[in-house]
Amino acid sequence: MIGDEPVVTSTTHEGMTVVRLRGELDQDSAPLIAGLLAEAAAAGAARTVVDLSRTRFADSSVLHALLDAHKAHRAAGTALVLAGPLQVAVRRLFDVTGTGTAFHMADSLEDATTC
């Protein structure tokens with residue numbers, strides 16, 4: 001589907017890293033996501049926000065990268081926040097696996113940057 005190509009970007013500003021995920025993400029995207037999130041945890045930014053609002057699909061390899069990032073951020077003493085609103089397929093990934101409660105989730109990118 002046009003517009004569903006995976007796009008992963010990262011920016012850091014004023015002590016916060018924002019990793020934006022867009023499109024349909026799978027095992028091909030997961031290493032890049034994992035690398036960016038590991039860099040963010042190691043850099044010691046006060047907060048890392050993962051913007052999932054434009055993610056139409058994510059598979060278990062992406063979930064695994066997010067879980068690893070959660071663990072790394074917790075060990076580093078920094079916050080990891082997932083921002084929505086989540087698309088149906090992404091919400092289902094968290095619901096089916098029971099992992100939604102493992103993460104701090106915000107309804108929007110704006111909420112994630114201030115919580």
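## A buried alanine and its partner

At 8% relative accessibility, A45 counts as buried, where buried means under 20% relative accessible area, exposed means over 50% and partly exposed lies in between, with a 1.4 Å probe and protein chains only. A45 lies in the loop between helix 1 and strand 3; helices (H or I, at least four residues) and strands (E, at least two) are DSSP runs, numbered from the N terminus. Not counting residues up to four places away in sequence, A45 touches G15, M16, T17, A40 and T78, contact being defined as heavy atoms within 4.5 Å.

Although A45 and T78 are 33 residues apart along the chain, their C-alpha atoms are separated by 6.9 Å.

## Basis and confidence of the model

The model is predicted, so that local features need pLDDT of at least 70 and side-chain atom pairs count only at pLDDT 80 or more, whereas totals for chains, interfaces and linings use all residues. Residues are numbered from 1 along each chain as its sequence is written, and side-chain values use heavy atoms, with hydrogens and water left out.

The average pLDDT of the protein chain is 94, and 97% of the residues score at least 70; pLDDT is the predictor's confidence in each residue, from 0 to 100. Among the elements of the chain, the lowest mean pLDDT, 93, belongs to helix 4 (residues 109-114), and the highest, 98, to strand 4 (residues 79-83).

## Strands and crossovers

Strand 1 (residues 7-13) and strand 2 (residues 16-25) pair in the antiparallel sense over 7 bridges, pairing being assigned if DSSP finds at least two bridges between two strands. Within this pair, V7 has R22 of strand 2 as its bridge partner. The hairpin has 2 residues between its strands, and E14 takes a positive phi near 50° there. E14 counts as exposed, at 73% relative accessibility. Most residues other than glycine have a negative phi, and most peptide bonds are trans.

Strand 4 runs parallel to strand 3, to which 5 bridges join it, and T48 stands opposite L80 in strand 4. Strand 4 also runs parallel to strand 5, through 3 bridges, with V81 opposite H104 in strand 5. The chain crosses from strand 4 through helix 3 to strand 5 in a right-handed β-α-β crossover, a term that applies if, with the strands pointing away from the viewer, the path from the first strand over the helix to the second runs clockwise. Strand 3, helix 2 and strand 4 likewise make a right-handed β-α-β unit. In the loop between strand 4 and helix 3 lies P85, and the peptide bond from G84 to P85 is cis, with omega near 10°.

## The nonpolar cores

The largest nonpolar core has 23 residues, and L21, I33, L37, V50, L66 and F94 have the most contacts inside it; such a core is a set of buried Ala, Val, Leu, Ile, Met, Phe, Trp, Tyr and Cys residues joined through side-chain atoms within 4.5 Å. Two or more residues each come from strand 2, helix 1 (30-43), strand 3 (47-58), helix 2 (60-76), strand 4 and helix 3 (88-97). Helix 2 gives the largest share, 5 residues. L66 touches L37, V50, L80, L82, F94 and F103, again not counting residues up to four places away in sequence. Another core, of 7 residues, lies apart from it and includes V18, V49, A83 and A112.

The buried residues of helix 3 are V90, L93 and F94. Seen down the helix axis, these buried residues fall within an arc of 90°, so they line one face of helix 3; the arc is that of the directions from the helix axis to the C-beta atoms. Their cover includes strand 3, helix 2, strand 4 and strand 5 (104-106), while the face of helix 3 turned away from its buried side carries the exposed residues V88, D95 and V96. After helix 3 comes G98, whose phi is positive, near 70°.
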